[in-house]
Amino acid sequence: MMLGTCAQIRASFRSIELKKRTSARYNKRAENKNITTLMTSSSSSSSSSSFEIDYELHKENRERLNEALFLKSIKKTNNRKEIVLLQAGKQMQRYSSDNEPLFRQESYFHWLFGCKESDCFGSIDIGPNGTKKTVLFVPRIPKEFVVWMGEPMSNSEIAKKYLVDECKFVDELELYLLNEAKEGGIVLHLMSGRNTDSGSEISKAEVPESVLGMNDVEIRTDVLFEEITYLRTIKTKREQEVLAFASRISSEAHVEAIKSVKPGTMEYQLEAEFLYQIYKRGGLRFASYPSICASGKNAAVLHYGHSGAPNDKECKAGELILLDMGGEFHCYCADITQTVPVNGKFTTDQKILYNGVLRAHKDVIKAIKPGVIWTDLHLLAERRILEMLKSLKIINDNSTIEEMLEYRVCAVFMPHGLGHLLGIDTHDVGGYGLKNSNYRERILKPGLKSCRTAKMLEENNVMTVEPGCYFVDALIDDVNMDEKVKKCINFETINQKFRGFGGVRIEDNVVVTSNGCISWTNVPRETEDIEKVMNGTLNWYKM
Ligand SMILES: [Mn+2]
């Protein structure tokens, strides 16, 4: 369904409002209880436990892929063996130097193998009753490297660790494939496709020339990417445990960060606190993305914190600070945002604005369940934000909320999408472009076009919910602003009170359940709780 007309928009809201009234799932205690059941250890402010990865997680993913390929994609026309071949990420070097940035595995390869090493290949010999043979191919480490890198694991140790049938060296891949092809030939399934967030093409495994030249080798690139991308959107229980862990540790680190905010704090000190806490508490060595610690006006820069604007402003009393930071564990990401007052006390206007975004956030979380379309939830969030903007007289009374939704007024104040799929990538794959009845085309209207998915939610999707409201000069002053939109906006109020205000964003990580969703994010959200945590009168983890 495309949300083309106002009537359709209203109709879809009616159904969301109705569902909302009949459910009250967003309950802090119930939510915490659910979090605890997913954790290996309970939350505490002094937690230093890490999480042990069960590599069955990746074995299960391989079996799921095997089943999907067999059930849906492969029409058997002959008796050839079907082999899936993926290539791992490559160790990079900084420009022409020998400086090697810490390696992080390529996400599709990680999903299938969980293998931490760079420059590998992985093959899965698929079969109608489960995978037949899985082989990891690892680089042969020259003897002299042992001095620098330490003793490598033996191939049998690697096979045992990653629960694969065999581990060979990369230089044996060619012979392995030639041998497999010898009797009756092989069909080699390779990745081919494009990431719908970046537009970048996925790299295909580099198959040795001699193998490509064989008559008995058929290359197929039409099914693997599609199947694996879809499967990555549906998180298994094992994956959810890792994601919940990343979210829990990131929540704890967020709470520590806001406890250290005061006038005079440098934005980078909050980034430093967060990175220190995620690593110390859970061994989260990577952040999911560069931290956004944006005080005052900077909060209106959606991806502030990049190398040209490196969180280097001093936080001032009277400003809000927006903290968008997430840690990554075993390549599974968290992505959490808090917005708090620098001096620990919200002003009246800040509180109204914050509570408007919080209402959008809560109402979306209440409305999430399988079957709901993501862009409808985006519109629900817009509705709540427009209502708040109206109460602050930032938008005028001469149009109804319905009309303003149709004119796309809210895109001036929330130019980004409501949220995104979350997983091994922060903006996880599978937002658009899959041949599946749950999928919708991108809606090419202001605001909605920034949604990273327009899909119908399914059980075990993991999403971020991150409504926001900002005062972006470039959008407020846009000379090409639609006349209808312009008429709705009260520029006088904005100029008097909100120019340079920055903005508010509130972001949780949630998993879609059979009848709702569970949030894994556990940070103070109510303004009173935020103020108490910041002034030290509330220990968040003892609640
Ligand atoms: Mn996000």
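Which residues does isoleucine 321 touch, not counting residues up to four places away in sequence? In this predicted model, the list is Val261, Cys293, Ala294, Ser295, Cys315, Val340 and Val342. Isoleucine 321 is also among the residues with the most contacts inside the largest nonpolar core.

**The nonpolar core**
- The largest nonpolar core has 133 residues.
- Those with the most contacts inside it are Leu136, Ala246, Ile321, Val364, Ile368 and Ile385.
- Helix H10 (residues 237–259) gives this core its largest share, ten residues.
- Both domain 1 (6–47 + 236–542) and domain 2 (75–94 + 101–222) supply at least three residues to this core.
- In soluble globular proteins, nonpolar side chains tend to be buried together.

**Helix H10**
- H10 is 23 residues in length and spans 33 Å from its first C-alpha to its last.
- That span is close to the 33 Å expected at 1.5 Å a residue.
- Of the 23 residues of H10, 17 are buried, so the helix is largely enclosed by the rest of the structure.

- Strand E9 (residues 320–325) has six of its six residues buried, so the strand is largely enclosed by the rest of the structure.
- Leu320, Leu322 and Asp324 point one way from E9, while Ile321, Leu323 and Met325 point the other way. All of these are buried.
- E9 pairs with strand E8 (residues 292–295) in the antiparallel sense, over four bridges.
- Cysteine 293 has leucine 323 in E9 as its bridge partner.
- E9 also runs antiparallel to strand E12 (residues 336–341), joined by six bridges.
- Across that pairing, aspartate 324 stands opposite threonine 337 in E12.

**Lysine 297**
- Lysine 297 sits in the loop between E8 and E9.
- Lysine 297 has 18 C-beta neighbours inside 10 Å and therefore counts as partly exposed.
- Lysine 297 touches Gly500 and Gly502, not counting residues up to four places away in sequence.

**The six-stranded open sheet**
- The strand order is E4-E3-E2-E1-E5-E6, and the pairing is mixed.
- Strand E4 (166–169) and strand E6 (217–220) are the edge strands, each pairing on one side only.
- Neighbouring strands of this sheet are turned by 25° against each other on average, direction ignored.
- Strands of a sheet pair through backbone hydrogen bonds, either parallel or antiparallel.

**Pairings inside this sheet**
- Strand E1 (residues 81–87) and strand E2 (residues 121–126) are antiparallel, with six bridges.
- Glutamate 82 stands opposite isoleucine 126 in E2.
- E2 is mostly covered, with five of its six residues buried.
- E2 and E3 are antiparallel as well, over five bridges.
- Phenylalanine 121 has phenylalanine 137 in E3 as its bridge partner.
- A hairpin is formed by E2 and E3, with six residues between them.
- In the turn of that hairpin, glycine 130 has a positive phi of about 105°.
- Strand E3 (residues 133–138) runs parallel to E4, joined by four bridges.
- Valine 135 stands opposite glutamate 166 in E4.
- Helix H6 (residues 155–162) lies across E3 and E4 and runs at about 135° to E4.

Terms used: Residues numbered from 1 in each chain as written. Predicted model: local features only at pLDDT ≥ 70, side-chain atom pairs only at ≥ 80, totals over all residues. Core = buried A, V, L, I, M, F, W, Y, C linked by C-beta atoms within 7 Å. Buried ≥ 20, exposed ≤ 12 C-beta atoms within 10 Å, placed from the backbone. Helix = DSSP H or I, 4+ residues; strand = E, 2+ residues; numbered from the N terminus. Domains from an automatic or database assignment. Contact = placed C-beta atoms within 7 Å. Pairing = 2+ DSSP bridges. Axes fitted to C-alpha atoms, helices over the stretch in contact; angles between N-to-C directions. Expected span 1.5 Å × (residues − 1).
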